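Reader: Could you walk me through this model before I plan my reading of it? I'd like to go topic by topic.

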Amino acid sequence: MASVKVAVRLRPMNLREKELEAKCIIHMEGNKTTITNLKITEGSSGDFGRERIKTFTYDHSYCSVDCRSPKFVSQEKIFKDLGTDVLKAAFEGYNACIFAYGQTGSGKSYTMMGNPEDVGLIPRICQGLYERIAGKSNWNEASFRTEVSYLEIYNERVRDLLRRKSTKNYNLRVREHPKEGPYVEDLSKHLVQNYSDVEELMEAGNVNRTTAATEMNDVSSRSHAIFTINFTQVRVPKTALLTFKFCQREGISVSGKEYLSVNS
């Protein structure tokens, strides 16, 4: 598995773009993404030598404009390409991260969280986590413990999304542990037994997120959000501690650490 993979995704046009009769200037073929500048006429180079057509090569170029197209890339396909590597790395004790970046309305939240009918990367990775846990538990290969936390960063303040509103949940402090690295002081952690527990807490945190209407999105997520799963794995005959974090900016980050010691 490569140390860094870069993927781009093209979303369908929204209602505003359709009303303005906007034209799609992006074409994807294989792992190549081509952008056409309609302000530059064919055969000319434009101001400052700008090209009319530019082509970029990525590890993955996902076209999700038209679900009826044979080239349409689904949430499941994106999970198979990106999410399965994250799970594999986490169970092997390696660090991994998925980070979604883009302007308001570009589809970050949909790709990472999805909707109830078509869930995104984070729910699918959580489902995959518990499926693997169930498989290993059935063969008595290991025992597991999972805890979750959910925070948002908005206007340079850190807020716990899983605390009751009557309790102190604003302006938490970010500290740095000499060995474990950065952490959020007083951030609540919740023990979970299965994916249903994770889903319930995820939905509760999403309700508390800061949103606002923009020209591109009526319910735009205005904050950076980090959903974390602390996952401890104890294996026989060796003992392993595995922790990883699911982080949304909109994005997901998984950091895995494994310490092995032979039982006496």
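Author: What follows is a conversation about the fold, the core, the surface and the charged pairs.

Reader: What kind of model is it, and how are residues numbered?

Author: This is a predicted model, in which local features need pLDDT of at least 70, side-chain atom pairs count only at pLDDT 80 or more, and totals for chains, interfaces and linings use all residues. Residues are numbered from 1 along each chain as its sequence is written, and side-chain values use heavy atoms, with hydrogens and water left out.

Reader: How many helices and strands does the protein chain have?

Author: The protein chain has five helices and 19 strands, where helices (H or I, at least four residues) and strands (E, at least two) are DSSP runs numbered from the N terminus.

Reader: And how much of the chain counts as buried?

Author: Of its 264 residues, 35% count as buried; buried means under 20% relative accessible area, exposed means over 50%, and partly exposed is in between, with a 1.4 Å probe and protein chains only. The accessible surface of the protein chain comes to about 16,600 Å², and 51% of that belongs to carbon and sulfur atoms. Those areas come from the Shrake-Rupley method with a 1.4 Å probe, and for residues only the protein chains shown count as cover.

Reader: What share of the contacts is between residues 24 or more positions apart?

Author: Such residues account for 58% of the contacts in the protein chain with a separation of 6 or more, a contact being heavy atoms within 4.5 Å.

Reader: Now the inside: which residues touch the most other members of the largest nonpolar core?

Author: That core has 32 residues, and Cys-126, Leu-129, Val-198 and Phe-227 touch the most other members. Helix H2 (75-92), helix H4 (121-138), strand E9 (142-154), helix H5 (195-208) and strand E16 (224-235) each supply at least two residues of this core, and H4 gives the most, with seven residues. A nonpolar core here is a set of buried Ala, Val, Leu, Ile, Met, Phe, Trp, Tyr and Cys residues joined through side-chain atoms within 4.5 Å.

Reader: What does Val-198 touch?

Author: Not counting residues up to four places away in sequence, Val-198 touches Cys-126, Tyr-130, Val-148, Val-192 and Phe-227. There is also a second, separate core of five residues, which includes Leu-151, Val-158, Leu-172 and Leu-187.

Reader: Are Cys-67 and Cys-126 buried or exposed?

Author: Cys-67 counts as exposed, because its relative accessibility is 59%, whereas Cys-126 counts as buried at 0%.

Reader: Switching to the surface, which residues form a nonpolar patch?

Author: Ile-25, Ile-35, Leu-38 and Phe-56 form a nonpolar patch on the surface, with about 310 Å² of accessible area together. Patches are made of residues with over 30% relative accessible area and no salt bridge, where like charges are joined within 9 Å and nonpolar side chains (Val, Leu, Ile, Met, Phe, Trp, Tyr) within 5 Å. Ile-35 lies in strand E3 (residues 32-36) and is partly exposed, with a relative accessible area of 34%.

Reader: What about Thr-36, is that buried or exposed?

Author: Thr-36 is also placed in strand E3, and at 17% relative accessibility Thr-36 counts as buried. Leaving aside neighbours within four places in sequence, Thr-36 is in contact with Ile-25, Arg-52 and Ile-53.

Reader: Last topic, then: how many salt bridges does the structure hold?

Author: It holds eleven salt bridges, each being a side-chain nitrogen of Lys or Arg within 4 Å of a carboxyl oxygen of Asp or Glu. Glu-76, Asp-118 and Arg-124 are linked in a network of them, and in the pair of Asp-118 with Arg-124 the closest N and O atoms are 3.2 Å apart. Asp-118 is partly exposed at 25% relative accessible area, whereas Arg-124 is buried at 13%.

Reader: Which residue pairs with Glu-185, and where do the two lie?

Author: Glu-185 forms a salt bridge with Arg-175, the closest N and O atoms being 3.1 Å apart. Glu-185 sits in the loop between strand E12 (181-184) and strand E13 (190-192) and Arg-175 in strand E11 (residues 174-177), so the pair ties together parts that are ten residues apart in sequence. Glu-185 counts as partly exposed at 28% relative accessibility, and Arg-175 counts as partly exposed at 35%.
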